[in-house]
Each structure stands twice: as C-alpha cells, then as structure tokens.
Amino acid sequence: MAQLLSNLPVGAKVKSPNTKYNDAPIIWLIGHKTANRVKLITEKIITLKCFDAKEPSNPNSDRKQYGNNRYSVSNIDQWLNSAAGAGAWYSARHTYDAPPNNANVSYNEYDAEAGFLSNFEESFRNAILDTTIRVVDGGGYEDITRKVYLLSNTEVGLSNENGVAEGSKWDLFSNDNSRKAYPTAEAVSKSEYTNRELNTSSPWYWRLRTPYYGSSSYVRRVDTGGTLGNGLAYYGTDGVRPALELDSGILVSDTTDADGCYTILWWAPPNMTFDINNVKKAYDNGWCKVNGTLRQIDKVWTKINGVLREV
C-alpha cells in the first residue's frame, strides 16, 4: 500500500534507495509543507565543501584570496544543480570565476567530482520542482530559480541578513537544537580535513546560502551549537545539506524501513496488454475502437489515489 508524501509529518525521514551519494542512500527530512509542495533537506551533512573557490584573477582582493560569496555564481550552487559526469559540471559563470580545485580551496577540492544530480535516479531527478529562492545581494536581493539549493538564514529561523527575508522559516527549525546537524560516516571518511571533533557523534558546521552582509567573501553558516556563524567562501571544511522540493502528490510507503525511512514510490508503467482479435498487443501498439473507428493506442491513463497518472 502507499500514501501521499504530504501525509507525513514535518521531521519524517524519506529516501529513494537508488539515489545515493558516496554509495550511501541519501536520507531526507521533511522540513516544511505547503498546499502543493513538500520541502526536503538532507537529514545529515553529506559532504564537506567550499562555497566558492579563490578567484586568482579577481581585482577584488578578498575574492581573489578567499572566494566569492555571491550565491548565484558560486561553485556550490553550480555543482548542486548539475547532472554532468565526473569533471564535467564546472564552467565559468563570470569573468573571474575559478574551479574548486586543489589550488583554489583550503580542503576538499571537488572539481573532478560528478555533479550532485548525477547521483539521482532519473525518476527522482525529473520529479524535483523548480524553486525560486531569494538571496541577499549587495544592498538588496536577487531571486533565482533552482532545483537544489542551500537554505537561508530566514529559512532556518535565524535573523534576516540586512533586514531581508530570504523566504519563510521552515517548520523543522524551531530552536538551536533543531538546527544542529551531524555528518554522515561517508562525509567524515571522505574528508581530507581531519579533526577529532569531526565525527558522526558531534554536531558540525553547515553552510547557508546567505552572504555575510558587508563582506565579499564571508558566508553565513549554522555553527555547532545551532547558532548563526560565518566562514570564508573558500573554506572546504563546512558541511553541505542540500534542499529540494517535491509535489505533495508523490507516493511513499505506508511503513518505514530499517533506517526509519518512508520509501518514495516512483511511478512505473505496468506491463499492459490488450486482446485484439485474439492477438495480444502491448498498449503502445494496440488498437481500440473509438466512436466506431479503430484508433491506435498512444497513451493510457489511470487514477491512483484520486490523481490521474499516465501509464
């Protein structure tokens, strides 16, 4: 049996077993719900990465040495929204842009990785909704549309940067404790940055998309105590918790698995055949009579939980 994704409460865990990062299924938390959308964020920090690499040719000395804190042109934003293969996701977004390679980050270069969306099964990737997000930019803000994104100060329930509300607070975040995040075992083992405090049992720093107002290189983050902090864009030591949005009508399992997760049930067409003149034909090449005229079958629709779905 199945139920709607929207039936699950905020804080419930969901996963799609064939969507993995570093060979481990990505576990998502329901972070917020609206009438038509369910907003998800990874339960844990799944990797440590820089926000943006140093830009050696940038005339801005801070961005030259410490990276660019403008989210819409950042390396992390481009990586999160790419399905390209290994080493193929990066392309320069502005004149001074540079890849997050070993020379341009403090730790954990990722220019040779595949894009984040390449880890998703096709059904999941196709189901991700476009989301328009707001980001502080200079003295104002810019609105950009993405599939995958980092959360903002506002969305995690912290202060609005420079008085700008970057979206609305998610119901998942109610206090400092709710903002604490722990790295996965894979995030720890894959990190070239090692520290005894970086372990699966201790909260770690995780990145937000909000720039630190008044700076060109510092970016906001959630510190280990769940409070607001900041760090340089080129630091490869801060954690990443991707967020995305799905349609409320997506189906999930009725019960949880061994990880306490509800499983997303991606729609797969059944193997349907029709008996036409005593000959079995698949629905896509069979014929049926409509108003006395034989017509070839192009599509079949069926209703599941009150929602019409193409077979």
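Leaving aside neighbours within four places in sequence, which residues is Asn58 in contact with? The legends below return to this residue after a note on the model.

This is a predicted model, in which local features need pLDDT of at least 70, side-chain atom pairs count only at pLDDT 80 or more, and totals for chains, interfaces and linings use all residues. Residues are numbered from 1 along each chain as its sequence is written, and side-chain values use heavy atoms, with hydrogens and water left out.

View 1. Helices (H or I, at least four residues) and strands (E, at least two) are DSSP runs, numbered from the N terminus. Once its neighbours within four places in sequence are set aside, Asn58 is in contact (heavy atoms within 4.5 Å) with Arg63, Lys64 and Tyr96. Asn58 has a relative accessible area of 8% and is therefore buried, where buried means under 20% relative accessible area, exposed over 50%, and partly exposed in between, for a 1.4 Å probe and protein chains only. Its side chain forms a polar contact of 2.7 Å with the side chain of Glu55, and the Asn58 side chain also reaches the backbone nitrogen of Asn60 at 2.9 Å. A polar contact is a pair of N or O atoms within 3.5 Å; within protein, one must be able to donate a hydrogen and the other to accept it, and residues adjacent in sequence count only if both atoms are side-chain atoms.

**View 2. The open sheet of 7 strands, in the order S1-S15-S16-S2-S5-S6-S14.** The pairing in this sheet is mixed, two strands being paired if DSSP finds at least two bridges between them. The edge strands, each pairing on one side only, are S1 and strand S14 (243-247). Neighbouring strands are turned by 45° against each other on average, direction ignored, with axes fitted as lines to C-alpha atoms (for helices over the stretch in contact) and angles running from 0 to 180 degrees between N-to-C directions.

**View 3. Strand S15 (residues 251-256) with strand S1 (residues 2-4), an antiparallel pair joined by 3 bridges.** Leu4 has Leu251 of S15 as its bridge partner, while Gln3 stands opposite Val252. S15 also pairs with strand S16 (residues 261-265) in the antiparallel sense, over 3 bridges, and there the bridge partner of Val252 is Ile264. The hairpin of S15 and S16 has 4 residues between the strands, and Gly260 takes a positive phi near 75° in it.

**View 4. Aromatic pairing of Tyr21 with Phe116, which is edge-to-face.** Rings of Phe, Tyr and Trp (its six-membered ring) pair if their centres lie within 6.5 Å; planes under 30 degrees apart count as stacked, over 60 as edge-to-face and the rest as tilted. The structure holds 19 aromatic pairs; in the one formed by Tyr21 and Phe116, the distance is 6.1 Å centre to centre, with 65° between the planes. Tyr21 lies in strand S3 (residues 20-21) and Phe116 in the loop between helix H2 (75-80) and helix H3 (122-127), so the pair ties together parts that are 95 residues apart in sequence. Both Tyr21 and Phe116 are buried.

**View 5. Trp204 and Tyr205, whose rings form an edge-to-face pair.** The ring centres of Trp204 and Tyr205 are 5.1 Å apart, with the planes at 75°. Trp204 is buried at a relative accessible area of 4%, whereas Tyr205, at 23% relative accessibility, counts as partly exposed.
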